[in-house]
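User: I would like to go through a structure with you. Could you take my questions as they come?

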Amino acid sequence: MIPLAIVLFLNAAFNVIVWPQFYKRVSRDPRAKDANGKATTFLKVHVVLISIALVLALVSVLVGIAALTGAL
C-alpha cells in the first residue's frame, strides 16, 4: 500500500503545483476575455478542467491517506 500512497501523493502534488500556474497563463491569454472584458468559453472550459484536476488531487490525497492508515 505504501507504493500506492506514494503515487497518489505525487499525483496530488503535480496537480497542485502545475494547474494553478497554468490557470495564470490561461487567464492572461487574449482569448480568455472578449472586448467587453467578459470571460469567454476558452477561459470557462479551462477553469472547469483545472477545477476537475484539483478535485482529483484532493481525492488522491484522501485515498493516499486511507492507503497508509489501512482503511482500504
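Analyst: The conversation below goes from the overall fold to individual residues. Please note that this is a predicted model.

User: What does the secondary structure of the protein chain come to?

Analyst: The protein chain has two helices and zero strands. Helix H1 covers residues 2–28, with a loop between H1 and H2, and helix H2 covers residues 41–69.

User: What box do the C-alpha atoms fill?

Analyst: Along the principal axes, the C-alpha atoms of the protein chain occupy a box of roughly 55 × 15 × 10 Å. The radius of gyration is 16 Å, whereas a compact globule of 72 residues would have one near 11 Å.

User: And how much of the chain is buried?

Analyst: Of the 72 residues in the protein chain, 24% are buried. The chain exposes about 5,100 Å², and carbon and sulfur atoms supply 73% of that area.

User: What share of the contacts with a separation of 6 or more comes from residues 24 or more positions apart?

Analyst: Such pairs account for 63% of those contacts in the protein chain.

User: Asn15 next. Where is it, and what does it touch?

Analyst: Asn15 is in helix H1. Setting aside residues up to four places away in sequence, Asn15 touches Pro20, Ala53, Leu54 and Ala57. The side chain of Asn15 also has a polar contact of 3.1 Å with the side chain of Trp19.

User: Why does Asn15 count as buried?

Analyst: Asn15 counts as buried because its relative accessible area is 7%, and buried means under 20%.

User: What about His46? Where does it lie?

Analyst: His46 lies in helix H2. With 18% relative accessibility, His46 counts as buried. His46 touches Phe22 and Val26, again not counting residues up to four places away in sequence.

User: And Phe14, where is its place?

Analyst: Phe14 is in helix H1. Phe14 is partly exposed, with a relative accessible area of 46%. The C-alpha atoms of Phe14 and Lys33 are separated by 27 Å, and these residues are 19 residues apart along the chain.

User: Changing topic: how many salt bridges does the count come to?

Analyst: The count comes to one salt bridge. In it, the side chain of Arg31 meets that of Asp29, at 2.9 Å from N to O.

User: Why can such side chains pair at all?

Analyst: Side chains of opposite charge can pair when their charged atoms come close.

User: Where is the place of Asp29, and what else does its side chain reach?

Analyst: Asp29 is in the loop between helix H1 and H2. The side chain of Asp29 also reaches the backbone nitrogen of Arg31, at 2.8 Å. Asp29 is 13 Å from Val45, C-alpha to C-alpha, and the two are 16 residues apart in sequence.

User: Arg31 itself: buried or exposed?

Analyst: Arg31 is exposed, as its relative accessible area is 52%.

User: Now the surface. Which residues make the nonpolar patch?

Analyst: The nonpolar surface patch is made by Met1, Leu4, Val55, Val59, Val63 and Leu72, and has an area of about 520 Å².

User: Which helix gives the most to the patch?

Analyst: Helix H2 gives the most, with three residues.

User: And where is Leu72 found?

Analyst: Leu72 is found in the segment after H2. Leu72 is exposed, with a relative accessible area of 56%. Between Leu72 and Leu10 the C-alpha to C-alpha distance is 19 Å, and the two are 62 residues apart in sequence.

How values were computed: Residues numbered from 1 in each chain as written. Predicted model: local features only at pLDDT ≥ 70, side-chain atom pairs only at ≥ 80, totals over all residues. Heavy atoms only, no water. Salt bridge = Lys/Arg side-chain N within 4 Å of Asp/Glu carboxyl O. Buried < 20%, exposed > 50% of the residue type's maximum accessible area, 1.4 Å probe, protein only. Patch = residues over 30% accessible without salt bridge, like charges linked within 9 Å, V, L, I, M, F, W, Y side chains within 5 Å. Areas by Shrake-Rupley, 256 points an atom, 1.4 Å probe, with all protein chains shown as cover. Helix = DSSP H or I, 4+ residues; strand = E, 2+ residues; numbered from the N terminus. Polar contact = N/O pair within 3.5 Å; in protein donor to acceptor, adjacent residues only side chain to side chain. Rg over C-alpha atoms; globule rule 2.2 N^0.38 Å. Contact = heavy atoms within 4.5 Å.
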